[in-house]
2 protein chains.
Amino acid sequence: MAIDMASPDSTLDAFHRGKFYLVQPKGSGHRAGMDAMMLAAAVSSDFSGRLADFGAGAGAAGLAVASRCPEARVVLVENSAEMLAYAKRTITHPSNEELRDRVSVLAADVALSGKGRTEAGLCDGAFDFVIMNPPFNAGHDRATPDELKRGAHVMPYDLFERWARSATAIVKPRGGIAIIARPQSVAEILAALGGRFGRIEILPIHPRPDAAAIRIVVRGVRASRAGLSLMPPLFLHEQGSDRFSARADNINNGRASLFGD
Amino acid sequence: MAIDMASPDSTLDAFHRGKFYLVQPKGSGHRAGMDAMMLAAAVSSDFSGRLADFGAGAGAAGLAVASRCPEARVVLVENSAEMLAYAKRTITHPSNEELRDRVSVLAADVALSGKGRTEAGLCDGAFDFVIMNPPFNAGHDRATPDELKRGAHVMPYDLFERWARSATAIVKPRGGIAIIARPQSVAEILAALGGRFGRIEILPIHPRPDAAAIRIVVRGVRASRAGLSLMPPLFLHEQGSDRFSARADNINNGRASLFGD
């Protein structure tokens, strides 16, 4: 997928079979991949409105939404100046010309609250949807000397609570949220969404039909009182095969949504 | 499955293809079925030790464990005098002669705590495993004039917390717990197990591969620090078929465990 560029510090990677490209740090930092595509696929294909991609990195998930949903306007929200620079290079890259008008960047810490959050540009009720792929390894899980990677992978204790609080503030009533995370985080995520988002849907992603889930995608609707659903899982591969299942391949390439809507 | 008996108030129902029978109230009360079989199947086939069936009703889940696990000794714990009478009739029924020596009943409210729980016969560290199929409809969900049914179906606000607290007290370190419930209860269940049981495994049960889960079975190990797993789901039917899948049929009939162990 990676194409070496003249720039020595970055790669240009194709997504959605070349519908858009990502400028990413080379050999360091968090490199976007399937997680971002699965998260983006949680947004309904007919979504229309403003969507915030929390902790957007170089913009993979946000651009994937813009690529599949022609009525989506996307704001990539990122706190790391270095990753933000990659997000800007991504948007301005000539290969993304068709999406450019619908994608912007915002330098902000999504863990901010109250006045600080508003002043950072995350205004109450200003969005229709928030997607997030929070750094999902607990600090003790995987220590690394790479500062960029640490920023993307190490999760503070109350991260889901803080990010969900911000999402709650900035989405309109009936707006949506989608989170991709490890199954181990399901209790924290449900606690963070409780009383804020309803109609929760949990969709497990398994590498194959006989293996435990490696990710969950959790979706919810602001201020809904509808109950929780545990959705049919996605199996990335058929049993005994190394190739992606047709469904996983379609979702990964922006040809189908994750929840079938 | 039901065979009318001379007794006008009860039926005799075969489980595990006739390996054991249940004496149940006729046309009223909570009638045991697949939920109890799925819950019982959460116990490993090589389980050995004392198992408590919380809210046992007429004894379906507890007897199903005794039927599949020859080294299990089962205590049916039930608070309703009427259901307890059915549990006793079940145990003493001639068709259950082979299991009788390993199954007993205990009249106790599993929501008790402290001294009251001990005095009711639920002693600290006295069990190796607890299974529970708590009444799973919230009070407002389904009101019914049938008092027996109400007892089995209506769930007080903090039921999972109370039942988990009792299970925590009576199982030994490394002892197990298994709960069957609706997916809507997953947050409450995880909150109730948090800090008490680890190595949590959630196994979703779907009617068919394209439908949302209708039940979850949650299993845990007392005092374990291992993380949570979201296990491969059970599909009761193949897509487009009304017949049980082979796996569901085996589990329902005591020929296989739910988690494959």
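## Symmetry of the pair

Chain A can be laid on chain B with an RMSD of 0.0 Å, by a turn of 180° and a shift of 0.0 Å along the axis. That is the relation of a two-fold axis. In chain A, the C-alpha nearest the axis belongs to A:A187, 3.0 Å from it. The model is a predicted one.

Two copies of a chain are related by a rotation about an axis and a shift along it. Here the turn is 180° and the shift is 0.0 Å.

## Make-up of chain A

Chain A has 261 residues, and 48% of them count as buried. Its secondary structure comes to nine helices and 14 strands. Take the contacts in chain A between residues at least 6 apart in sequence: 67% of these join residues at least 24 apart.

## The interface

The interface brings 22 residues of chain A into contact with 22 residues of chain B. Three elements of chain A each supply at least two residues to the side that touches chain B: α8 (186-193), β11 (197-206) and β13 (229-230). The most comes from α8(A), with four residues. By class, this side of chain A has 16 nonpolar, five polar and one charged residues.

## Helix against helix across the interface

Two packed helices are described by the angle between their axes and the distance between the axes. The crossing of the two helices is left-handed.

From α8(A), the residues in this contact are A:V186, A:A187, A:L190 and A:A191. They meet B:V186, B:A187, B:L190 and B:A191 in α7(B). By class, the contact has eight nonpolar, no polar and no charged residues. One of these residues, A:A187, also has the C-alpha of chain A nearest the axis.

An α-helix has 3.6 residues a turn, so residues three or four places apart point the same way. In α8(A), the contact with α7(B) includes A:V186 and A:L190, and also A:A187 and A:A191.

## Helix against helix within each chain

Within chain A, α8(A) also packs against helix α7 (residues 159-170). The axes come within 9 Å and cross at roughly 35°. This crossing is right-handed. On α7(A), the contact is made by A:F160, A:E161 and A:A164. On α8(A), it is made by A:E188, A:I189, A:A192 and A:L193. The residues divide into five nonpolar, no polar and two charged.

Chain B has a contact of its own between helix α6 (residues 159-170) and α7(B). These two pack at an angle of about 35°, with their axes 9 Å apart. The crossing is right-handed. B:F160, B:E161 and B:A164 take part from α6(B), and B:E188, B:I189, B:A192 and B:L193 from α7(B). The class count is five nonpolar, no polar and two charged.

## An enclosed helix

Is α2(A) largely enclosed or open, and why? Nine of the nine residues of α2(A) are buried, so the helix is largely enclosed by the rest of the structure. The buried residues are A:A60, A:A61, A:G62, A:L63, A:A64, A:V65, A:A66, A:S67 and A:R68.

## Two loop residues

A:P70 lies in the loop between α2 (60-68) and β5 (71-78) of chain A. This residue counts as partly exposed, because it has 13 C-beta neighbours inside 10 Å. Its C-alpha is separated by 7.9 Å from that of A:S48, 22 residues apart along the chain.

B:A56 sits in the loop between β4 (48-54) and α2 (60-68) of chain B. B:A56 has 32 C-beta neighbours inside 10 Å and so counts as buried. Leaving out residues up to four places away in sequence, B:A56 touches B:A61, B:G62, B:L76, B:V77, B:E78 and B:A87. The C-alpha atoms of B:A56 and B:Y21 are separated by 15 Å, and the two residues are 35 apart along the chain.

Note on methods: Residues numbered from 1 in each chain as written. Chains lettered and ligands numbered in written order. Predicted model: local features only at pLDDT ≥ 70, side-chain atom pairs only at ≥ 80, totals over all residues. Contact = placed C-beta atoms within 7 Å. Nonpolar A, V, L, I, M, F, W, Y, C, P; charged D, E, K, R; others polar. Buried ≥ 20, exposed ≤ 12 C-beta atoms within 10 Å, placed from the backbone. Least-squares fit on C-alpha atoms with pLDDT ≥ 70 in both. Axes fitted to C-alpha atoms, helices over the stretch in contact; angles between N-to-C directions. Left-handed = near helix turned anticlockwise from the far one by under 90°.
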